[in-house]
Amino acid sequence: MLSGRRLDLLDPTPMDIEVEDIAHGLSFVARWNGQTLGDMAYSVAEHSLLVERLYARLNPAAPAKWRLAALLHDAPEYVIGDMISPVKAAVGPNYDELDKRLAAAVHLRFGLPATIPAAVKKQIKKADKISAWMEATQIAGFSTQEANRFFGQPDPATIDGLRILLRPPTETRAAYTARHAELLKEMG
């Protein structure tokens with residue numbers, strides 16, 4: 001990693017995880033395999049920032065630790081990349097196991113339980129699907145009807161005032177690390 005840490009992908013430890021490595025990697029990983037409109041790729045880091053905002057809107061009383069879990073929901077992709085769902089399914093359970101090991105190390109590193117409670121994970125997934133709907137309709141060329149079919153139609157109030165941002169990786173990286181620091185501070 002750029003931090004100098006050496007991460008064993010088969011046996012990751014929390015001590016080898018740094019938020020700067022996560023933010024850097026995710027800000028350079030393109031969502032939708034880069035098949036989006038605009039002069040820049042839409043990064044997983046930008047997506048994660050949006051998912052955290054959506055999660056907070058869906059769960060206004062959620063403690064900072066679960067908002068942090070929402071921000072970190074795709075953190076393993078900083079080393080394993082982002083794959084569209086059909087590719088993940090084709091790769092099989094090995095991808096899922098690797099993702100789970102990395103996620104557990106990330107969670108423990110930042111004071112979260114290794115496994116996020118199912119109810120919280122379900123709400124993060126709901127925010128993730130709303131983000132995917134927004135991405136699909138704003139930058140991935142989907143019609144509203146097509147996005148509704150794949151991701152479900154979001155409540156307009158949940159997405160009011162939000163839009164997909166395309167920023168240089170350095171800006172997204174800075175926004176990600178800043179939000180991470182805010183949430184850690186709020187956690188105490």
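A residue is called buried under 20% relative accessible area, exposed over 50%, and partly exposed in between, with a 1.4 Å probe and protein chains only. By that scale Phe 151, at 21%, is partly exposed. This is a predicted model, in which local features need pLDDT of at least 70 and side-chain atom pairs count only at pLDDT 80 or more, while totals for chains, interfaces and linings use all residues. Residues are numbered from 1 along each chain as its sequence is written, and side-chain values use heavy atoms, with hydrogens and water left out.

**Aromatic pairs**

- The structure contains five aromatic pairs. Two rings of Phe, Tyr or Trp (for Trp, the six-membered ring) pair if their centres lie within 6.5 Å; planes under 30 degrees apart are stacked, over 60 edge-to-face, and the rest tilted.
- One of the pairs joins Trp 32 to Phe 142 edge-to-face, with 5.4 Å centre to centre and 65° between the planes.
- Trp 32 lies in the loop between helix H1 (19-28) and H2, and Phe 142 in the loop between helix H7 (118-138) and helix H8 (144-151), so this pair ties together parts that are 110 residues apart in sequence. Helices (H or I, at least four residues) are DSSP runs, numbered from the N terminus, as are strands (E, at least two).
- Trp 32 is buried, at 17% relative accessibility, and Phe 142 is buried with a relative accessible area of 19%.
- Phe 150 and Phe 151 form a tilted pair, 6.2 Å centre to centre and 45° between the planes. Phe 150 is partly exposed, with a relative accessible area of 48%.
- One aromatic cluster is formed by Trp 32, Phe 142, Phe 150 and Phe 151.

**The loop between H1 and H2**

- Most residues other than glycine have a negative phi.
- Trp 32, in the loop between H1 and H2, has a positive phi near 60°.
- Asn 33 lies in the loop between H1 and H2 and has a positive phi of about 50°, although it is not a glycine. Asn 33 is partly exposed, with a relative accessible area of 43%.

**Contacts of helix H2**

- The axes of H1 and H2 come within 5 Å and cross at roughly 110°, which makes H1 roughly perpendicular to H2. Axes are lines fitted to C-alpha atoms, for helices over the stretch in contact, and angles run from 0 to 180 degrees between N-to-C directions. Angles under 35 degrees count as roughly parallel, over 145 as roughly antiparallel, 65 to 115 as roughly perpendicular and the rest as oblique.
- Ala 23, Leu 26 and Ser 27 of H1 meet Val 44, Ala 45 and Ser 48 of H2, where contact means heavy atoms within 4.5 Å.
- The axes of H2 (residues 44-58) and helix H10 (residues 169-187) come within 9 Å and cross at roughly 35°.
- On the H2 side, Ala 45, Glu 46, Ser 48, Leu 49 and Glu 52 make the contact with H10; on the H10 side, Thr 172, Ala 175, Tyr 176, Arg 179 and Leu 183 do.

**Asp 128**

- Asp 128 is found in helix H7 and is buried, at 13% relative accessibility.
- Not counting residues up to four places away in sequence, Asp 128 touches His 47, Val 51 and His 73.
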